[in-house]
Amino acid sequence: MPKRTDIGSVMVIGSGPIVIGQACEFDYSGTQACRVLRSEGFRVILVNSNPATIMTDPEFADATYVEPITPEIVEKIIAKERPDALLPTLGGQTALNTAVALHEAGVLEKYGVELIGADIDAIQAGENRERFKEIVAKVAAEHGLNAESARSVICHSMDECLRAAEELGYPLVVRPSFTMGGAGSGFAHDEAELRRIAGAGLDASPTTEVLLEESILGWKEYELEVMRDRNDNVVIVCSIENVDPMGVHTGDSVTVAPAMTLTDREYQNMRDVAIAVIREVGVDTGGCNIQFAVDPKTGRMIVIEMNPRVSRSSALASKATGFPIAKIAAKLAIGYTLDEIPNDITKETPASFEPTLDYIVVKVPRFAFEKFAGADQTLTTHMKSVGEAMAIGRSFPEALQKALRSLEKKGSSFSWAGEPGDLDELLAACRRPHDGRLRTMQQAIRAGATPEQLHRATSMDPWFIDQLFAIDEVARSITSLDRPTLETAKRHGFSDVQIAEILGVTEAEVRARRHELGIRPVYNTVDTCAAEFAARTPYLYSTYDEETEVPVGDRPKVIILGSGPNRIGQGIEFDYACVHASFELAKAGYETVMVNCNPETVSTDYDTSDRLYFEPLTLEDVLEVVHAEQETGPVAGVIVQLGGQTPLGLAQALKDAGVPVVGTSPESIHLAEDRGAFGRVLAEAGLPAPKHGTATTVDEAKAVAAEIGYPVLVRPSYVLGGAGMAIVYDEDTLAAYMARAASEHPVLIDRFLDDAIEIDVDALYDGEELYLGGVMEHIEEAGIHSGDSACALPPITLGGFDIKRIRAATEAIARGVGVRGLLNVQYAMASNVLYVLEANPRASRTVPFVSKATAVPLAKAAARLMMGATIAELRAEGLLPAGNDGGSPPMGAPVAVKEAVLPFNRFRGVDTILGPEMRSTGEVMGIDEFFGTAYAKSQSAAYGELPTKGRAFVSVANKDKRAAILPVKALADLGFEILATAGTAEVLRRNGVHARIVRKHSDGVGPDGEPTIVQRILDGEVDLIVSTPFSSPGQSGPRLDGYEIRTAAVSRGIACITTVQGLAAAVQGIQHIIRGDIDVRSLQEHARRLRN
Amino acid sequence: MTALLVLEDGRVFEGTPYGAVGETFGEMVFNTGMTGYQETLTDPSYHRQIVAMTAPHIGNTGVNDEDPESGRIWVAGYVVREPSRIPSNWRSRRSLDDYLRDQGVVGIAMPGTRALTRHLRERGAMRAGVFSEGGDVDELVERVRRSPGMEGADLAREVSTPEPYVVPARGRKRFTVAAVDLGIKAMTPQRMSERGCEVHVLPATVTAADILALDPDGVFFSNGPGDPAAADYAVETLREVLGERVPFFGICFGNQILGRALGLGTYKLRYGHRGVNQPVQDRRTGKVEISAHNHGFAVRAPLDGPFETPYGAAEVSHVNLNDDCVEGLRLLERPAFSVQYHPEAAAGPHDAAYLFDQFCELMDEKKGAKDA
């Protein structure tokens, strides 16, 4: 069945901001879908609120709406664009839920929009646990298959939960319906835990429904990725086995593809069940995944769940096999059948086959617990990881060790240094699933653990445990640098660093000896067919094997280093920059080579660059890739400034090894990063920085703080990314901070400009000319990490004179540092003085936001500058605007607001307050003609619609009271009932705002049972919360009240504003919503105003 | 100890001994299945072949008592990359290493399995030898070149059962099937038995008269090793069966025998199909089956439409979407069909199991006609 000709336009819904459980894998799938649909001649209408995505680049759709993904807004877009069809299966649960809501509201019917690639009934059958259970029972009986569901009971209230628990016994699994990433689910070992977990689950489920089921903790866990076309052809793309058995969310598990511990009979039974289930569910076309648990003692198999859409696992499966699930799903949705679609990789064979692997793929999760003090770090069925790394090798040990070093986190790789620790303690630690459990197991092996002991502690399959023993045996055999030792170690995935550590020599010595012996990796192709057919698409991985398959190129090559696993502070924004560079440099005639290890990204799509190396981003792995490429043709440059801190950190070492690093030189990078050197750059340019000093003792710190004046920003000098930063207002708190901080490293103390406006700038510099990409004004007060702060572009309060100063300062820094390419500078404007806070000579998180807000592709331009083009040339080409720049937008330019999205609902018990340490996982953009509307859109996209009526609770710190009066009065004028604690209420009353006094949390319940504010929030009596922090962490009293309030707000999902500036913006937004003037406009429409 | 895999064109791979120690010769082939090594090893169609597994980790689930496809290992030699150090599965009874050693099967564990596959893909299947203790390479190459090749080899007789035996019908008996064992796999009679067939498994050299003496409702020719051009005795037998209009179903070698009985030619594929992921299209319905394959030879038949045979019109019923190879034949005027791949699928996916139902339908129709 060929392509459908009865539809001409298709709407694609993206997944919105990056959150835990829904990350850039949906940018990958959505980007693929948009490319397919456009190349097939369809008009594509895209909706996604996330500006950091590649899919929202105007070139991937005909009309790109960076607007909130709410049924109301999407309906407006449908009314305006009138698409023939809606494809909802590539934007995660967000897109699927939105499509269901649009269907239920009759919107699709009203506008004659056909749902393609999905069937409402199938979505509900897949996600309604009771129906799904019936389906499993039915197919097992009809086909005589070994398959069942876990014994379970559906509950809609706590009473029902308690009754069900009596029937099933503890421990129990609690799973809320219709939530993504396992949100709200967990294990209950007793009634107290059941009450807590099921209570939250009932709240989290949009249908107030939870499922309680028998525990299958410790069982083997598997997943199959399945594709079906409209001719009912079905293929299994990939099997994935979890190394961590049942009990740990798949997203938090170490996983391996293909499955390692199934016989063919067991695998085929699983395959038969998967196919029978998706037929019975009625999945229309496309990809879906289905999860299984297998009892390791009897082989009893339980079908856990299925998702009728592409998922994180399908992104992983696509990268693991070379079978592009999202791309094929898009083709199936528009009418093709699998046998009509060619396999891109072989070109000769069709997509109606099952990939076979002659390598092993291992995925490991990346966590960010260090950012969330107080969070429970035990891994459960509730996903907590923020990213993942994947590695490919020709054996499990090789793939596993490559994956662990891809995490780029100290302590991730196996180590044989020092003492392993106490065996009993290590075994006890292994019993609790945690980040780095494999390493704990490896240490336990060193401490003398037996395979049986480790199996009892972890329930992991003995085969995986034996592989750890195999790795340990190899480590013990490393006693010299001879050929057999090195070959064996390399085949087991040992890095030069690990070998050096074991032998007590340097990494450089190991590498030199290895190269002398000619022991280098070869590069094998991911070809979907285990070499049965020749592969045309160069997607390569390193391995210590026989033959290398790197093709010979004919153009100069540029190697782009990606950003590795997503983490807080380094995510999709950097992938965006790398992908843009690749596209632009290919256009400019270079052969582009991408190196990255993050399976969720667009950069690791084999279609993005001329060649993809799926490799860890360590010095050793990158040097080997550069060597392999140099063997087959000239390398014109290696780009390190687009992938964030990861490649930047390699710059100097690469240059020292003779690698042609292009763009800003490593020495210039050092100038910007080193405090002393950067201070000299600023001094020469006559630019002020906030006063600062360093201290190692409490007394020193007090003296420094007294000298520069409170409040001060303090941070340990040995960490990056804002970790451990705090703002301190008084001497006592400073002393407490110093007491906690490690003593051997000095603490950096900066004057904190608490009444300053913070400004973020992204700029391009070619050595002669500066192009100011955009000037962003933070909406929150100073002191909140720029990544967590909402900001507006163009700035809403800065005038032409200020912009001029900013341009001059940025140019001076760019020149002083020696930037070639992108530069990000953070300023603070206080008392009309422009202070320089820091400069980063690389792509920043805000590059995609600025590019979309101004319709100028900054990363593309940066890539060209790095390869020698000038800004004047790029202006002449039209890549950059001919006359103005981002500091001087045309009159009538729209206002774009970026808002951060925080993962607090994942980490109960963590304070939701914003501070100098970044904790957001993603961002959204609201763009509109006016600031208020743009802000309202950003809030709606990030957290849900701002309330337009009801009760607002206000509790502000003394320093904020004056500034809060006007906006609170405006809220009251809009009809909100104002609730406040006594102190705030009194100030408001004196200013003519009536506020009802409510009890503080620390007051406790009143004599007549009057509830506290926390109780009121939990009871759903409050619609909007304004709660600004009282002091720095570490204190009790009022501050703790704020903590309880914000925690309650998170658990009830109520809008909670923590700054006065945010409040003022929210009031403007609410006014616009009430007036009903929220309009939708595509980026292409905005661009016409911005670029003409 | 360095073991060597030596190919007839002089390419040599180094590795370590695996399984039994010694030396072995055979046709070098690769199998791309990621599961099912136990079934592969015991499949008689691999007789006189040295099999290289492209999946790196082999032996993880050990060896159990339920999954073998025959009473012994048939492969002449075994090439793997990462032999499992321990077996891990609730059904496992012994390790694969022990199993190979017990049955005297010489193997080699070596890094270069992918390079080997690429070599065979580019240069075609060829003879090879595995030498556990190495040796002088030139001499070993010479010995490999002197070993017998696959073309013209009549091997079905070597693997077939010496005596007839019966696999009873499971449940109510509906049909009597005469199954000629040219290298039959255990799963095949089982698939028929599940459908109410009493299966009489007969030696490869059985005569048509012996078959017809059973008064079978259907006749089946199994898979098997060797060159179909060398099995004229089977071709003759089948011609007589077709002449009697007894419903016929053939698998793999059985498909090639049907092809030859219809007057079609067979030829050796460059490197064969061996794996469990091959897309085969049913040309009537357009549907695609993911199927298990193990064949080095194929039938040459017109793909553009029905063609004439001594038994009336016939057509190519199934085709491989990877290379357009003929994967199935069907007589249009008599109850006979066959496929080149493995609907019994052990190892492999069960997408083609419906073919056994089709065989039963043919027998049912014939019976109905007879009874009426």
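**Exercise 1. Confidence**

Step 1. For chain B the mean pLDDT is 96, and 99% of its residues reach 70 or more.

Step 2. Where pLDDT is low, predicted coordinates should not be read in detail.

**Exercise 2. Two helix pairs in chain A**

Decide how H13(A) and H14(A) are oriented relative to each other, and do likewise for H26(A) and H27(A).

Solution. Take the pairs in turn.

Step 1. H13(A) spans residues 423-431 and H14(A) spans residues 437-446. Their axes lie 9 Å apart, and the packing angle is about 155°.

Step 2. Angles over 145 degrees count as roughly antiparallel, so H13(A) is roughly antiparallel to H14(A). The two helices cross in a left-handed sense.

Step 3. On the H13(A) side, the contact is made by Leu423(A), Leu426(A), Leu427(A), Ala429(A) and Cys430(A). H14(A) contributes Arg437(A), Thr440(A), Met441(A), Gln443(A) and Ala444(A). Sorted by class, this contact has 7 nonpolar, 2 polar and 1 charged residues.

Step 4. For the other pair, H26(A) covers residues 698-708 and H27(A) covers residues 731-740. The axes come within 9 Å and cross at roughly 140°. H26(A) and H27(A) are therefore oblique to each other, and the crossing is right-handed.

Step 5. H26(A) supplies Val698(A), Ala701(A), Lys702(A) and Ala705(A) to the contact. From H27(A) come Glu731(A), Leu734(A), Ala735(A), Met738(A) and Ala739(A). The classes here are 7 nonpolar, no polar and 2 charged.

**Exercise 3. Where chain B touches chain A**

Which element of chain B gives the most residues to the side that touches chain A?

Solution. Begin with the totals.

Step 1. The contact takes 48 residues from chain A and 40 residues from chain B.

Step 2. On the chain B side, the elements giving two or more residues are helix H3 (113-123), strand S15 (265-282) and strand S16 (288-300).

Step 3. Of these, H3(B) gives the most, with 5 residues.

Step 4. By class, the chain B side holds 13 nonpolar, 18 polar and 9 charged residues.

**Exercise 4. The domains of chain B**

Into which domains is chain B divided, and how many residues does each give to the contact between them?

Solution. Locate the domains, then describe the contact.

Step 1. Domain 1 of chain B runs over 3-146 and domain 2 over 156-371. Taken over C-alpha atoms, their centres are separated by 28 Å.

Step 2. Domain 1 puts 23 residues into the contact and domain 2 puts in 22 residues.

Step 3. On the domain 1 side, strand S3 (23-31), helix H1 (37-41) and H3 of chain B each give two or more residues. S3(B) gives the most, with 3 residues.

Step 4. The residues of the domain 1 side divide into 8 nonpolar, 10 polar and 5 charged.

Note on methods: Residues numbered from 1 in each chain as written. Chains lettered and ligands numbered in written order. Predicted model: local features only at pLDDT ≥ 70, side-chain atom pairs only at ≥ 80, totals over all residues. Axes fitted to C-alpha atoms, helices over the stretch in contact; angles between N-to-C directions. Helix = DSSP H or I, 4+ residues; strand = E, 2+ residues; numbered from the N terminus. Parallel < 35°, antiparallel > 145°, perpendicular 65-115°, else oblique. Left-handed = near helix turned anticlockwise from the far one by under 90°. Contact = placed C-beta atoms within 7 Å. Nonpolar A, V, L, I, M, F, W, Y, C, P; charged D, E, K, R; others polar. Domains from an automatic or database assignment. pLDDT = per-residue confidence, 0-100.
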